[in-house]
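Colleague: Please take a close look at one helix pair in this model. I would like the crossing described first, then the neighbouring topics in order.

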Amino acid sequence: MLIDLRIRNYALIEQLQLQPSALLNIITGETGAGKSIMLGAIGLLLGNRADSRMLFDTDKKCVIEGQFDISSYQLQDIFEAEDLDYDAQCILRREISPAGKSRAFVNDTPVTLETLRHIGANLMDIHSQHDTLLLGDAVFQLNLLDLYAGLVPTRGQYSNAYRQYRKLEADLKTLQDQVAQANKELDYHSFLLTELEDARLDNERQDELEQEVKELEHAEEIKFKLTHALQSLTESEYCATSGMKEAATLLGQIANYSEQARELKLRLDSCLIELHDIADEIEAAERRTEGDPARIDELQGRLNVLYSLQRKHQVRDVVALLAVRSDLRDKVSSVLNLDRQITRLRRDADAALATVTKQATRLSEARRKVFPKFEKELVALLADLGMPNSRIVVQHQEGPPATSGIDVVSILFTANKGAQPQTLSKAASGGEFSRLMLCIKYMLADKTALPTIVFDEIDTGISGEIAVKVGRMMQQMAKKHQLIAISHLPQMAAAGDTHYFVYKEDRADRTVSRIRQLSQEERIQEIAQMISGANPSQHAYHSARELLALRGVEMAG
C-alpha cells in the first residue's frame, strides 16, 4: 500500500506530497492541471524512461519517492532474489539529474532500472489507455485468463519445462551445425592425418639424419684427412708421439735430481696415453668411413618427406609436426564424439518435449474449464454497467508448444443484440473498452497480489447511473486493494474514500501544479462544479450531497 508519495522538480510540479488512504482515492481537477503529470512521475518511480527536459528547474535534480507498507504481502523472496534487504516499510526513489543521468534506489540501496521495475511491479499496477490497447492482444488475453483461473503457478511450471526444452533444442542445433561443418572438413583432415601417420614421425631425429647425410656426402675428404692426421700423430718421421716419447725419456733421466722434471715427465706420460687413444679412435673412424650412395639417397628421401610436411604445415621441426598430427587426430575423432553427443541430446530433447506436451495439455484442459465461468461473470458485470446485450466468447485453438502453452485464445465481444461477437479491436468502442477493462480488473482483484491499483480515467465514455455503478464496483475492489483513480466524473468523485484536488497556481514567473486533500465542504463544492460548471446552482449542490450520501457519508444540512 502506498503510504506517502513525494514529487520534487518534475514538469509543472515544484513540490508535491500525497498521503493516500488505504481505500479508494479519487483525484480530480481541470484538464491540464497536472493529474497526468503526477501519473507520469509515478511511472518514473516504477522504472519508466526518464527525460531531463521534464525538469521543473533545469538547474536542480528531480526526485520522486514513494513509501510503501508491504507488511501484509509476501515479497521477501523477491527482495532476496534481487539481493536487497527486506523491510516492512519499503521506499522507492528515482532521481534525474539536470544532465539527464538517472539513479534508482530501493530502501536507499542503489539498483538498476530493471530491479526497480521488478520491485515496483509488485507494489503498483497502473491501468491506463495503454492497458486498453493491450486488451486486444492475444498474449495479454491469455495472461488475464490464467490470472482469473489461478493458473499462474501451473503456467510457471510449464514455462520452466518449455525453456529447458528450447535450450536443449538450441544446443542440439548448435551441435548439428558443428557436425555439418566438421563433415565438410573431415575428408581433408583425414587425408592430412593419413599422410602424417604414414610418415612414421615417432622417435624421429631429424638432426641426426641431417648429420649422417653431411658425413656421407663428404666421406672421401673425411677419410683422407683422418689418414693424414693419423700419420702426423704416429707414423711420420717427425710424428707427435715420437717427439713426446723422446722428451719424456730425457725428463726421466733427470727426475731423480729435479722434482719439477719428475712432475713434467708424469704429465708427458699422461699426454702420450691420451695421444695414443686419440690415434686409435682416428684409425677406427678412418676404417669406418666409406662412401655409400644408396644410403645417401635413402636419407635424402626421408629428409625430403620431413621438409615437405614442414612446408605444408608451416612448421620448423618434427616436434611441431607431431603436434599437428595430434590436433588432426582430435579433429577427426571429434566428429564421432559429436555424433554421440547429438544422440544423447536428441534423446534428452525428446524427453523434454514429452514433458512439455504433457504439461501443456494439462494446462490447456484447466484453461478450457474456466472459459464458461469467465464468460458468464464478465457478461453479468457488463450488464450491470449498462451493456445488457453483451456477449463474450473465448475463442480457442491449439497450436504447437510455445512460451505460454499450446493455446491460442481470442476474446470475442459484442455489445449489440443479435450481432456476432468479434475481436475486441473490431467490436468495442473506447468507452466499451474502458468498461471491459474495469470489469476484468474487478474480476482479478481477488486473484492478484498487487496492493495498489491506479486507474487513469477508467470512466471514459460513461455517465449517469453507469458511472455510479462503476464507483460502487471500485469501492468493492478498494476493500481488498488500495485504489487511486483519476476521474472527471462527479459520480466517481463522490465514490472515493478520500478526494484530492489538483490545480494550477499562477506565479509571477511561471505556473505550478499543486494538490490538496478536500474537506467535506470542499468536496461538495468540487463535485457541484463538476456537475454544472464554475458557478454551480443549488440543484448542483443538492446533487453533490445526494451523490456523497449514496456512499454513506453523513452531511450536515
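**Helix crossing and surroundings**

Modeller: The crossing of H7 and H11 is left-handed. Keep in mind that this is a predicted model. H7 covers residues 206-217 and H11 covers residues 293-313. Their axes are 10 Å apart, and the packing angle is about 140 degrees. Angles over 145 degrees count as roughly antiparallel. H7 and H11 are therefore oblique to each other.

Now the residues that make this contact. From H7 come Gln-206, Leu-209, Glu-210, Glu-212, Val-213, Leu-216 and Glu-217. From H11 come Arg-295, Ile-296, Leu-299, Gln-300, Arg-302, Leu-303, Leu-306, Tyr-307 and Gln-310. By class, eight residues of the contact between H7 and H11 are nonpolar, five are charged and three are polar.

H8 spans residues 219-235, and H10 spans residues 259-288. They pack at about 155 degrees, with axes 9 Å apart. With the cut-off for roughly antiparallel set at over 145 degrees, H8 and H10 are therefore roughly antiparallel to each other. The crossing of H8 and H10 is also left-handed. H8 contributes Lys-223, Leu-226, Thr-227, Ala-229, Leu-230, Leu-233 and Thr-234 to the contact. H10 contributes Leu-275, Ile-278, Ala-279, Ile-282, Glu-283, Ala-285, Glu-286 and Arg-287. The contact of H8 with H10 holds nine nonpolar residues, four charged and two polar.

Next, the strands. S5 runs over residues 89-96 and is mostly covered. Six of the eight residues in S5 are buried. On one pairing, S5 meets S4, residues 62-69, in the antiparallel sense over eight bridges. There Ile-64 stands opposite Arg-94 of S5. S5 is also joined to S6, residues 102-106, by five bridges, again antiparallel. In that pairing Arg-94 stands opposite Ala-104 of S6. The hairpin of S5 and S6 has five residues between the strands. Within this hairpin, Gly-100 takes a positive phi near 95 degrees.

Last, the sheet built from S9, S10 and S11. These three strands form an open, antiparallel sheet in the order S9-S10-S11. S9 (391-402) and S11 (422-423) stand at the edges, each with a single partner strand, so one side of each has no neighbour in the sheet. S10 takes in residues 405-414, and nine bridges join S9 to S10. A hairpin of two residues links S9 to S10. Glu-398 stands opposite Asp-407 in S10. Val-393 has Leu-412 of S10 as its bridge partner. H5, residues 138-149, lies across S9 and S10. H5 runs at about 95 degrees to S10.

Technical notes:
Residues are numbered from 1 along each chain as its sequence is written. This is a predicted model: local features need pLDDT of at least 70, side-chain atom pairs count only at pLDDT 80 or more; totals for chains, interfaces and linings use all residues. Side-chain values use heavy atoms; hydrogens and water are left out. Axes are lines fitted to C-alpha atoms, for helices over the stretch in contact, and angles run from 0 to 180 degrees between N-to-C directions. Helices (H or I, at least four residues) and strands (E, at least two) are DSSP runs, numbered from the N terminus. Angles under 35 degrees count as roughly parallel, over 145 as roughly antiparallel, 65 to 115 as roughly perpendicular and the rest as oblique. A crossing is left-handed if the near helix is turned anticlockwise from the far one by less than a right angle, and right-handed if clockwise. Contact means heavy atoms within 4.5 Å. Ala, Val, Leu, Ile, Met, Phe, Trp, Tyr, Cys and Pro count as nonpolar, Asp, Glu, Lys and Arg as charged, and the others, Gly among them, as polar. Buried means under 20% relative accessible area, exposed over 50%, partly exposed in between (1.4 Å probe, protein chains only). Two strands pair if DSSP finds at least two bridges between them.
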